[in-house]
Each structure stands twice: as C-alpha cells, then as structure tokens.
Amino acid sequence: MKSDHLQALLHPTSIAVIGASNNSEKIGYAVVHNLIESGYQGDVYPINPKSEEIQGLKAYPNITDVPENVDAAIIVVPAKYVLGITEDCGKKGVKALLVITSGFSEVGKEELEEQIVDTAKSYGVRLLGPNIVGILSNKENMNASFAGFLPLPGQASLISQSGALLVAMDAATYTRGIGFNEMISIGNMSDIQFSDLIEFMGDDEATKCISLYIETINEGRRFIETCRQIDTPILALKAGSSKRGAAAAASHTGSLVGATKVYQAAFKQAGVIQASDVNNFFDRTLALTLQPSMRGDNLAILTNGGGVGVLASDAAERFGIPATEIPQDLQEGLMDYMPDYGAAKNPVDLTGMANTERFHQTTKLAFSHPWVNGLVVIICETQLLDLVEIVKGVHRAVKETGIKDKPIIVSLVGGDSALEAGRWLIEHGIPAYNSPDLAVNALAALRDHGRYGSPGPVLTSSENSNDSQTAREVIAQARERGRTGLTEIESRKIFAAYDLPVVDTRLARSEEEALDAAQDVGYPVVLKIVSHDILHKSDAGGVKVGIQNAQELSAAYQSLLKNAKQYKADAVIEGVAVQEMAAEGTEVIIGSVNDPTFGPTVMFGLGGIFVEVLEDTTFRVAPVSNSEAASMLGEIRAAAILEGARGKGPLDREALAETLSRYSEMAADLGDDIAETDANPCLVYEQGKGVKIVDARVILKEV
Ligand code: ADP
Ligand code: MG
C-alpha cells in the first residue's frame with residue numbers, strides 16, 4: 001500500500017490550515033506561524049471564514065474556495081466541526097488530513113471519530129490522528145505542528161503516540177545532540193497506523209532508524225509482518241509494561257494496552273528492538289542511526305581503565321555478547337602499545353599509559369581484525385589526557401581502516417571534557433556515552449538488529465498434515481449444545497487432530513464400561529471425571545491416578561462420582577475418562593490465549609510453582625517454527641531444568657520444541673474459534689523419550 005496519500009502527508013506540495021488564526025494564543029496561529037518559520041517551500045492556504053488575510057497569507061473562507069490543488073490539510077477547529085470539514089476536504093480532493101483537534105475516542109467519543117474516518121475513506125482521504133501535535137520534517141523544512149521548532153537534523157525518525165513526549169524529545173534533540181529527520185505524532189490512530197508509516201519510512205534513504213513510542217498497536221499481525229519486511233532498524237519504547245502503567249496508558253489513549261509479555265514476544269518476532277526508558281530510547285536511537293548492525297558475537301573492549309573495562313564486560317555478558325578472549329595474534333599486536341602490566345586478553349587494558357597515539361594504533365588494530373564484530377572503546381578522563389585529541393585519534397583510526405560494516409561505540413567517563421569529546425564524536429558519526437554499561441547497551445541494540453538480520457516470513461503454518469476438519473467438528477458439536485468449555489475428552493480430540501502426543505483415553509459411561517476400557521488401555525490407569533460443569537477436575541476430587549487393578553478401579557469410580565456430586569450437586573456427569581497412566585516426568589505447561597492485539601499466541605512454562613508463583617513463562621505469537629519453539633525453551637528463567645538438573649539427564653527438548661510448534665499451529669489454525677487452551681501438564685522425559693500431554697483443555701470464544 002505504497003500510496004501517494006502518505007507521500008502527500010509527509011511530503012506535501014501544498015498545505016491548507018483549517019482553523020488558521022491571527023490570534024497568537026491559538027493553535028491555528030502556531031501552525032501557520034511554524035510552517036512559515038520552518039521554511040516550508042510548498043504553498044500554504046490558511047482557511048478561516050472570518051479573515052481575508054492570516055499572517056500575511058491570503059486566507060479563504062472554506063477549503064473548497066482555494067483555486068489550486070491542496071495536497072494535505074491540517075485541521076485545528078473544534079471537534080464538532082471536524083466531520084463537516086472532512087467532507088469539504090474530500091470534495092476538494094485533499095489527499096491527507098492531519099487532525100490536530102482532540103476530543104474524540106480519547107474522551108469516549110468513538111462514534112464521532114468513526115464517522116470522520118468513514119467520511120474520509122469514502123473520498124479516499126487518509127487521516128493522521130486525531131489528537132496529534134502534527135508532523136515535523138527536516139527533510140521538507142516543514143514544521144506542520146504546534147511544537148515550537150524542528151528537531152536537530154539527523155537520520156532517525158520518530159513516530160510517537162504521545163504528543164507531549166514528542167514535543168519534549170524535540171527539545172531534547174539539541175541537548176543530547178541526537179538528530180532526527182522526521183517526528184510524527186500518530187495520536188488516536190483512527191486511520192493511519194504505525195504499519196502505514198513504517199512501511200513508508202522503510203523506503204526512505206534519509207531514515208536510518210525508525211523509533212516508535214507505543215502505547216498500543218492496532219492490527220498486531222500486520223505490524224509484525226510489516227516490520228519484518230523492513231531492513232531499517234526499528235526501535236520501540238513501549239509504555240504500559242507494569243500493571244499500573246498499563247492502566248494509566250489505557251485511560252490516556254482510550255484503548256487497552258495488551259499484555260506485556262505478548263508485546264515483547266511480538267517485537268521479537270517482528271525484529272523490533274526494544275528500549276527500556278526515555279534515555280535508553282535516545283541512546284539506542286543514536287547507535288542505530290550512526291552505526292551498522294553487529295553481525296556476530298565477537299566483542300572487543302579497549303580501555304585505559306581496568307575497572308571500567310570490567311564493568312563493560314559485565315554488561316556485555318548480561319546482553320549475551322560476552323567479551324571472550326581475543327585471538328592470540330591480535331593480543332600480540334596490541335601488546336606493542338601497552339606496558340608489561342597491561343592486559344590484552346579482553347577487556348584490553350591499555351593502562352594509564354595510554355595516550356592518543358596508543359588509542360589510535362590499538363583501535364586500528366582491533367577494529368580491522370576479522371575476529372572482531374564490534375568494538376567498544378572506553379576512555380577514562382585523566383589529568384594527563386586531552387580527551388578531544390584522543391577521540392580524534394580513535395575516529396581517525398576507524399576512518400583509516402575503511403571498514404563500514406561493523407560498529408564502534410565509545411564511552412567517555414569523566415567531566416566536562418568527556419562531554420565535549422563525546423559531542424565531537426557524535427557529530428563525526430561515532431556514538432558516545434558517559435558510562436561503560438550504556439555503551440554496551442547501545443552496542444547490544446546493534447547486535448539485536450544483526451541477529452534479526454534476515455527474517456523472512458514467520459507467521460505461516462508448516463506443511464504438517466493436520467486434521468483440522470475433525471477439530472472443527474468437535475467445536476461445532478460443542479457450539480450446537482451451547483457450550484464454550486470443552487471436556488478433556490473433547491479437548492483431547494482436538495489436540496490429537498494436530499498430532500499432539502496425548503495419552504490414550506476412553507470415555508466410559510458406567511462402571512462396566514470403565515472396567516472394559518481399563519482392560520484395553522492396560523493397568524495402571526488414571527480415572528477422571530468428565531463433566532462440562534467441572535473443568536478443574538482435581539478441585540472436585542475428580543482425578544485418581546495409579547489405579548492398579550479392577551478392584552481399585554471400582555472403588556475409584558464410586559468415589560469420583562461421589563466427590564463430583566459433593567462438589568456441585570447439579571453437575572451433569574457425562575461419564576469418566578479411563579486414561580493411560582503416564583510415567584513420571586518433568587511437568588511443563590503449554591498453553592494458548594487469543595490476544596486482542598496479536599491474535600493467537602502460544603505460551604510455555606515449567607509446571608508447579610514456576611508458573612504459578614514465579615510466572616516464569618514465555619510467549620510467542622502463533623504459529624512458531626520448531627527452531628523458534630526451541631529458542632522459547634531457553635528463555636524461561638528455569639531453563640536449566642530442561643538441561644537436566646538434580647542428577648537427571650538432559651530432557652527431550654527436541655520433542656518438546658516440536659510439540660510446542662505443533663501446538664502453536666493448532667492455536668493459530670483454530671484462532672477464530674478458540675479463546676484459550678492448555679496442556680497442563682505436559683510431561684517431558686529424558687532425551688529420546690519424548691513428551692506426553694496428560695490433560696487437555698480448550699475454551700471456545702463466546703459468540
Ligand atoms: P485438572 O483438571 O485438575 O488439571 P489433570 O488431568 O491435570 O486434572 O490431573 C491432575 C494431575 O494428575 C496432573 O497434574 C498430573 O500430575 C496427574 N495426572 C493426570 N493424568 C495423568 C496421567 N494420565 N498420567 C499420569 N499423571 C496424570
Ligand atoms: Mg491439569
């Protein structure tokens with residue numbers, strides 16, 4: 001959808017300002033003023049029925065009165081007039097609207113907002129907002145907003161759901177020396193979405209990093225697919241990660257913020273790099289804008305201070321790019337530029353004897369060595385050193401290598417001269433930070449982008465021969481009976497249709513049938529109550545494991561029925577499930593929920609307290625491939641248990657990953673019908689011995 005509408009929005013040849021004003025206290029004044037002041041080269045048409053001239057420009061009573069074509073219109077009139085004006089703009093043939101006016105869905109007026117979007121759509125007009133600050137574009141010298149000035153020019157672009165944050169960041173670009181090409185306020189996202197803008201910016205040579213401030217995303221799957229197709233690094237600062245934060249964001253934007261873990265998973269799958277707070281958003285934007293991505297894990301750290309070197313390598317380990325020992329030949333080369341008591345292993349401690357010459361030479365050696373995928377240089381201020389001279393030496397070294405496909409990041413630890421030297425570096429294309437961990441954090445963002453390297457499609461099902469027909473029949477039958485909670489027997493059928501390793505199970509409607517079934521299944525067996533009214537069977541005393549013979553089975557049968565009646569007198573009992581008793585194994589949970597933003601997701605965690613108390617789980621948007629599933633297994637904090645803890649051998653992670661992947665296909669395939677599922681527990685055995693799902697639960701969406 002590469003539209004000339006977005007072209008008209010971001011690079012308009014002419015702009016009308018509807019609600020333009022001569023009263024300097026009005027937004028309609030600021031917008032006209034800012035357009036003129038910023039040096040915008042296109043035509044500006046102020047629209048105001050009461051003035052003939054606004055800020056020296058000829059004004060028109062209505063947009064339809066403008067004799068020339070108008071590309072984009074900025075609307076600042078009160079909310080109640082916006083619908084009519086949208087209609088006028090449609091008639092005039094305006095391609096894009098920037099609706100600055102607020103007072104729509106964010107204050108509960110969804111209906112009015114929808115009407116406006118529908119009207120815009122009926123004329124083929126695209127709409128940004130409402131409830132926005134506007135667009136700031138250095139590329140177009142265009143300040144189409146009520147923010148006071150354009151940001152420091154640069155090669156990042158910001159799309160922000162918060163207008164206030166955009167205005168604040170605009171100002172901070174100068175203080176921090178981080179430049180932006182465009183800043184776009186996206187507001188209520190009634191029509192134009194993050195995906196539309198990302199898609200458009202992905203083709204823009206002038207944007208080297210797309211930075212997103214996100215409270216909520218609409219069309220989650222489209223977001224993932226769009227981001228995956230774009231080579232430009234995308235960085236997201238997502239608000240609403242704490243439960244409290246989520247509530248604040250919800251009341252703020254008038255829309256709910258999706259579950260944090262699902263967002264994190266979706267970002268990962270989208271290849272979107274994350275920022276943790278506003279400072280980190282700037283820091284990472286800077287690195288992603290100025291430096292190429294890091295295409296391997298080999299990090300070298302050069303420093304004149306032992307301590308800061310260790311701090312950097314601590315940070316590197318946290319980010320999964322540990323500073324491992326550098327190759328011998330590089331060590332030997334470096335040793336020529338340090339005293340005997342220096343250390344060349346990594347971090348490379350050049351010691352307090354390091355001067356401009358030594359930093360220059362060692363940077364050149366390390367940066368040009370093929371082993372090194374990324375370099376961090378940490379310079380501590382000392383009385384002897386001229387920091388600006390040193391960073392010039394580092395910069396020169398990088399230039400001399402001619403290498404442009406690996407990153408270098410510098411950290412300057414010290415006072416004013418460290419700041420000054422850092423500024424010089426940033427202006428010359430090398431990101432600089434005042435603390436070692438920040439430098440490594442920035443490099444980690446480049447590493448993340450390198451890892452996301454060649455994504456390709458992810459949300460596509462594999463060629464597994466699934467029997468989705470059978471699954472849909474089970475669902476249809478339950479629906480016919482007006483039920484959404486399926487019994488284990490029904491759920492199991494659905495699982496089996498996707499070749500999930502469920503245990504052998506028979507439904508018995510009498511004690512005789514149960515005894516026969518147990519003969520078939522083979523002792524020991526498990527007996528479980530089957531009732532739509534009892535979905536948590538153990539709570540109702542509805543599970544008996546380890547039944548060894550007919551006698552025990554009869555007793556279990558009686559007590560199960562008795563317990564069920566006691567638990568819920570009017571529970572309708574369909575019978576009992578006679579089930580193969582699975583051998584003891586490590587209990588894990590696999591589940592799926594339908595996320596309002598991203599649709600079906602799959603969840604994995606270890607059973608027991610790991611999931612209940614520690615919430616030690618990991619998510620993905622479904623479906624996931626085997627290898628994606630395998631990486632999920634490593635993401636939980638208790639991952640070591642799968643590797644074989646407490647004297648046990650390693651568990652069958654391969655079988656588990658395959659099961660997880662199949663499970664995710666089921667969740668994706670039946671996503672229109674299913675609200676939630678779980679396999680709780682799924683038992684995992686030693687390597688080569690597979691996994692078994694001993695409980696299955698499916699809950700359908702309400703219709
Ligand atoms: P609930 O509805 O209470 O979750 P489950 O079917 O999960 O009922 O059974 C409760 C527990 O009994 C399980 O967590 C598992 O430890 C054990 N269990 C259930 N079925 C089997 C089985 N077929 N083989 C071995 N253990 C089982
Ligand atoms: Mg269970």
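Q: At what distance from an oxygen atom of ligand 1 does a backbone N or O atom of asparagine 680 lie?
A: A polar contact is a pair of N or O atoms within 3.5 Å; inside the protein, one atom must be able to donate a hydrogen and the other to accept it, and residues adjacent in sequence count only through two side-chain atoms. In this predicted model, the backbone atom of asparagine 680 is 3.3 Å from the ligand oxygen. Alanine 582 also uses a polar backbone atom, 2.9 Å from a nitrogen atom of ligand 1. Lysine 528 instead uses a side-chain N or O atom, placed 2.7 Å from an oxygen atom of ligand 1.

Q: What share of the accessible area of ligand 1 does the protein cover?
A: On its own, ligand 1 has 540 Å² of accessible area (Shrake-Rupley method, 1.4 Å probe), and the protein covers 82% of that.

Q: Which residues come nearest to ligand 1?
A: A residue counts as near when one of its heavy atoms lies within 4 Å. There are 19 residues around ligand 1, and Lys528, Lys537, Ser538, Glu587 and Asp695 come nearest. By class, the shell holds eight nonpolar, four polar and seven charged residues; Asp, Glu, Lys and Arg count as charged, Ala, Val, Leu, Ile, Met, Phe, Trp, Tyr, Cys and Pro as nonpolar, and the others, Gly among them, as polar.

Q: Which strands each supply at least two residues of that shell?
A: They are β21 (525-531), β22 (543-547), β23 (573-580) and β27 (674-684). Strands (E, at least two residues) and helices (H or I, at least four) are DSSP runs numbered from the N terminus.

Q: Between which domains does ligand 1 lie, and why?
A: Ligand 1 lies between domain 3 (468-580) and domain 4 (586-700) because both give residues to its shell. Domain 1 (3-207) and domain 2 (294-452) complete the assignment, whose bounds are automatic or from a database. The C-alpha centres of domain 1 and domain 4 are 46 Å apart.

Q: Where are the cis peptide bonds at proline 681 and proline 347 found?
A: Asparagine 680 returns here: a cis bond with omega of about 5° joins it to proline 681, which is in strand β27. The bond from asparagine 346 to proline 347 is cis too, with omega near 0°, and proline 347 is in the loop between α12 (328-335) and β16 (348-349).

Q: What is the phi of asparagine 131?
A: Asparagine 131 is not a glycine, yet has a positive phi of about 70°. Its place is the loop between β7 (126-128) and β8 (134-137).

Q: What conventions apply?
A: Residues are numbered from 1 along each chain as its sequence is written, while chains are lettered from A and ligands numbered from 1 in written order. Local features need pLDDT of at least 70 and side-chain atom pairs 80 or more, whereas totals for chains, interfaces and linings use all residues; side-chain values use heavy atoms, without hydrogens and water.
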